[in-house]
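Here's a quick tour for anyone meeting this structure for the first time. Have a look at it below, then read on.

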Amino acid sequence: MVLMDQGFWGYGLFWQIQQQEAYFAIRRYPGVHFKTIRHLGPKDRLVAWKPSNPRQRRGLPESIRLRVIDYRIKGFRPSAVVTN
């Protein structure tokens, strides 16, 4: 399990971790848009992520499947944990 800081958000890095048959968890980066594939439960969903910049996925698949778990801590804005 690789726990990453939000600053390490990257398509290529996510793909490399998945190819090593490892798992990662990272806070959702603001402004990233996902296409929901299926809801797994309340505030829990399976998504496809296709980066808006085509250079980020050069030589890689067009999209990656991820799991997004939304949460909110009182006094803070809503956020989410993204994992594979």
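## The pocket

What is the volume of the largest pocket? In this predicted model, it comes to about 270 Å³.

As for what surrounds that space, the lining includes Gln6, Arg27, Arg28 and Pro30. Sorted by class, the lining has 4 charged, 2 polar and 6 nonpolar residues.

## Helix 1 and its buried side

Helix 1 covers residues 11-19, and its buried residues are Tyr11, Phe14 and Ile17. These sit on the same side of helix 1, because they cover an arc of only 130 degrees around the axis. There's a general rule at work here: an α-helix has 3.6 residues a turn, so residues three or four places apart point the same way.

What do those buried residues of helix 1 pack against? Their partners are strand 1 (2-4), strand 2 (24-27), strand 4 (44-49) and strand 5 (64-71). Just after helix 1 comes Glu21, with a positive phi of about 55 degrees.

## The nonpolar core

The largest nonpolar core is made of 16 residues. Trp9, Phe14, Phe34, Trp49 and Leu66 have the most contacts inside it. Helix 1, strand 2, strand 4, strand 5 and strand 6 (79-83) each give two or more residues to this core.

Take Trp49 as an example. Setting aside neighbours within four places in sequence, Trp49 is in contact with a list of residues that includes Trp9, Phe14, Phe34 and Leu66. Also among the contacts of Trp49 are Gly10, Tyr11, Val32, His33 and Ile64.

How values were computed. Residues numbered from 1 in each chain as written. Predicted model: local features only at pLDDT ≥ 70, side-chain atom pairs only at ≥ 80, totals over all residues. Heavy atoms only, no water. Buried < 20%, exposed > 50% of the residue type's maximum accessible area, 1.4 Å probe, protein only. Helix = DSSP H or I, 4+ residues; strand = E, 2+ residues; numbered from the N terminus. Arc of directions from axis to C-beta. Contact = heavy atoms within 4.5 Å. Core = buried A, V, L, I, M, F, W, Y, C linked by side-chain atoms within 4.5 Å. 1 Å grid on protein atoms, 1.4 Å probe; cavity = no way out; pocket = protein on both sides within 12 Å on 5 of 7 lines; lining within 4 Å. Points joined across faces, edges and corners; volume = space filled by probe spheres on them. Nonpolar A, V, L, I, M, F, W, Y, C, P; charged D, E, K, R; others polar.
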